[in-house]
Amino acid sequence: MFVLYETPAGYAIFKLLDDNKLKEIDNLYLEFETPEKANKIVKLKHFEKFADTTEALSAATAAVEGKLSKPLKKALKKLVVDDVQNELLVADAKLGNAIKDKMSLQCVANTSVQELMRCIRTQSESLLSGLPKKEMTAMSLGLAHSLSRYKLKFSPDKIDTMIVQAQCLLDDLDKELNNYMMRVREWYGWHFPELGKILTDNVAYVKTIKLVGMRENMADTDLSDILMEEVEQKVKEAAEISMGTEISEEDITNIQSLCDEIISITEYRTHLADYLKARMMAMAPNLTVLVGEQVGARLIAHSGSLVNLAKHPASTLQILGAEKALFRALKAKKDTPKYGLIFHAGMVGSASIKNKGRISRSLAAKASLATRVDAFGDDVTMQLGIDHRAKLETRLRMLEEGNNKRLSGVKAKAKLQKFHAVSEVKTFKVATDSTLPSTSSKKLKAEDEAANAPSPKKKKIEEVEPEMGEPSTEKKKKKKKKNKDEGAAEESMMDDSVAAAEEETPTSTKKNKKSKAKKAAAEQDDE
């Protein structure tokens with residue numbers, strides 16, 4: 001009966017000398033109190049050592065998943081050839097089933113085997129001869145770290161701290177280079193001020209000063225490696241008629257030493273930019289394809305890590321870096337900013353002013369999706385970023401051209417033209433609504449009131465008549481009769497006048513005036 005014992009250094013196969021010891025597991029630990037007693041119970045038959053930590057990690061992960069690794073298979077092949085009839089004691093039942101299926105070897109895994117494994121572990125240093133304690137400790141620590149990374153699915157290439165530090169260092173280097181270049185241009189400008197206007201490139205300016213030194217040496221120096229022929233000719237002509245002051249050799253030496261520093265910092269910055277690009281392509285390839293390594297690194301640095309950036313919604317990612325402007329706008333109740341750090345992306349920069357807000361919103365939405373895939377996806381490729389970038393470029397092209405199409409290629413609905421309604425006022429004819437004589441009650445009431453209203457002359461007469469006595473009453477009766485007769489005649493005339501007024505309104509007003517004039521004449525006759 002054999003025992004399979006797993007160690008960080010490799011697989012050990014022990015031979016159990018006394019099978020009856022498994023039946024007495026309660027006092028089994030007493031048999032392993034000393035190395036001498038332990039050697040009487042088990043004996044090392046074969047030890048399969050791992051070549052390196054990678055092989056140890058693959059074997060450990062295979063054992064965790066219940067699979068058979070290559071080193072274990074190699075060790076068990078020798079055991080199968082030598083002793084076919086023997087059983088194999090294993091600590092893991094899943095591993096025992098895998099060995100039984102692949103190697104056709106009888107495996108046993110129970111509580112007695114677990115107790116035997118604990119006892120072997122207490123005397124493993126003496127049982128495994130040839131393995132120093134320091135080496136075993138180092139291999140245990142390395143395997144533990146590697147196995148922890150595997151369980152967490154953590155890769156050293158995914159460390160976003162390096163990207164954050166590299167991006168911050170790049171920003172610091174840019175500031176230092178600007179300060180140094182400003183100092184060199186101002187310093188050397190006292191001696192040769194015309195050179196700063198001719199050479200706008202900082203690196204070419206610094207290399208020219210480093211190579212030439214004094215402006216008197218400009219005519220004899222070959223600058224073809226640094227400048228173009230036309231620019232070189234302009235520099236030499238300007239050196240002959242320069243208005244600058246004279247400086248000493250010590251001054252030009254210090255200026256050239258500063259130029260050396262600028263050149264070295266520029267070279268290191270180029271190297272650091274390449275390193276950052278490689279890191280970004282390894283950690284966030286889709287985000288890098290969409291916004292570029294510089295903007296992507298700034299977004300990660302601003303949020304703290306790639307996982308934190310992936311947790312932000314697209315609206316937050318769009319204005320990330322413009323927090324002060326956002327809260328200032330909210331406080332003043334004005335328009336909020338449309339973009340933050342994402343403004344420096346190449347796609348937003350290539351858009352026109354009126355389309356920058358739209359394309360930044362679309363880019364933020366796609367970048368948010370790409371960031372989540374980069375942070376939480378397995379076997380991440382840049383295909384998603386390439387597809388999203390193609391769609392965004394198509395959308396930007398349509399926005400710039402003013403074409404009203406969708407991304408799928410289907411034409412959108414045509415724009416509706418404004419409808420200008422022509423107002424037509426139509427009057428409703430009451431006469432055509434009924435066969436009965438058309439008389440509007442409102443008009444009749446108004447005309448009755450106008451007819452019954454006493455004239456000012458009539459009021460004066462009524463005030464004088466009560467003084468006359470009894471004859472006045474008789475005259476009143478006669479007036480009432482006449483008024484009744486006139487009222488009946490007026491009503492018939494009113495019906496005719498209303499019907500005519502509905503057809504022609506101007507004539508009705510004239511008839512009313514005539515009727516009022518007739519009334520006034522009749523009253524005068526009565527008096």
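This is a predicted model: local features need pLDDT of at least 70, side-chain atom pairs count only at pLDDT 80 or more; totals for chains, interfaces and linings use all residues.
User: OK, how many salt bridges are in the whole structure?

Analyst: A search of the whole structure gives 9 salt bridges, where a salt bridge is a side-chain nitrogen of Lys or Arg within 4 Å of a carboxyl oxygen of Asp or Glu. One of them joins the side chains of Glu 115 and Arg 118 at 3.0 Å, N to O.

User: Where do Glu 115 and Arg 118 lie?

Analyst: Both lie in helix α5 (residues 111-122), 3 residues apart, about one turn of the helix; helices (H or I, at least four residues) and strands (E, at least two) are DSSP runs, numbered from the N terminus. An α-helix has 3.6 residues a turn, so residues three or four places apart point the same way. Glu 115 is partly exposed at 21% relative accessible area, and Arg 118 is partly exposed at 47%, with buried meaning under 20% relative accessible area, exposed over 50% and partly exposed in between (1.4 Å probe, protein chains only).

User: Which parts of the chain does the pair of Arg 269 and Asp 174 link?

Analyst: The side chains of Arg 269 and Asp 174 meet in a salt bridge at 2.4 Å, N to O. This pair links distant parts of the chain, with Arg 269 in helix α12 (residues 249-283) and Asp 174 in helix α8, 95 residues apart. Arg 269 is partly exposed at 23%, and Asp 174 also counts as partly exposed, at 24% relative accessibility.

User: And why are Arg 183 and Glu 186 about one helical turn apart?

Analyst: They are separated by about one turn because they are 3 residues apart in helix α8. Arg 183 forms a salt bridge with Glu 186, the closest N and O atoms being 3.4 Å apart.

User: Staying in α8, is Gln 167 buried or exposed?

Analyst: Gln 167, which has its place in helix α8 (residues 160-189), is buried, with a relative accessible area of 1%. Leaving aside neighbours within four places in sequence, Gln 167 is in contact (heavy atoms within 4.5 Å) with Leu 276, Gln 294, Ala 297 and Arg 298.

User: Switching to the sheet, in what order do the strands come?

Analyst: The open sheet has 5 strands in the order β3-β2-β1-β4-β5, with mixed pairing, and two strands pair if DSSP finds at least two bridges between them. The edge strands, each pairing on one side only, are β3 (42-49) and β5 (107-108). Strands β1 (residues 2-6) and β4 (residues 88-89) pair in the parallel sense over 2 bridges, and Phe 2 stands opposite Leu 88 in β4.

User: What does α5 touch on that sheet?

Analyst: Helix α5 packs on the sheet and touches β1, β2 (10-16), β3, β4 and β5, its direction making about 60° with that of β1. For such angles, axes are lines fitted to C-alpha atoms, for helices over the stretch in contact, and angles run from 0 to 180 degrees between N-to-C directions.

User: How many aromatic pairs are there?

Analyst: There are 3 aromatic pairs in the whole structure; rings of Phe, Tyr and Trp (its six-membered ring) pair if their centres lie within 6.5 Å, and planes under 30 degrees apart count as stacked, over 60 as edge-to-face and the rest as tilted. Among them, Tyr 11 and Phe 50 are edge-to-face, at 5.6 Å centre to centre with 80° between the planes. Tyr 11 lies in strand β2 and Phe 50 in the loop between β3 and α2 (53-64), so the pair ties together parts that are 39 residues apart in sequence. Tyr 11 and Phe 50 are buried.

User: Last one, which residues of helix α10 are buried?

Analyst: In helix α10 (residues 202-212), the buried residues are Ala 204, Tyr 205, Val 206, Thr 208, Ile 209 and Val 212, and what covers them includes α8, α9 (194-198) and α12. After α10 comes Gly 213, whose phi is positive, near 85°.

Conventions. Residues are numbered from 1 along each chain as its sequence is written. Side-chain values use heavy atoms; hydrogens and water are left out.
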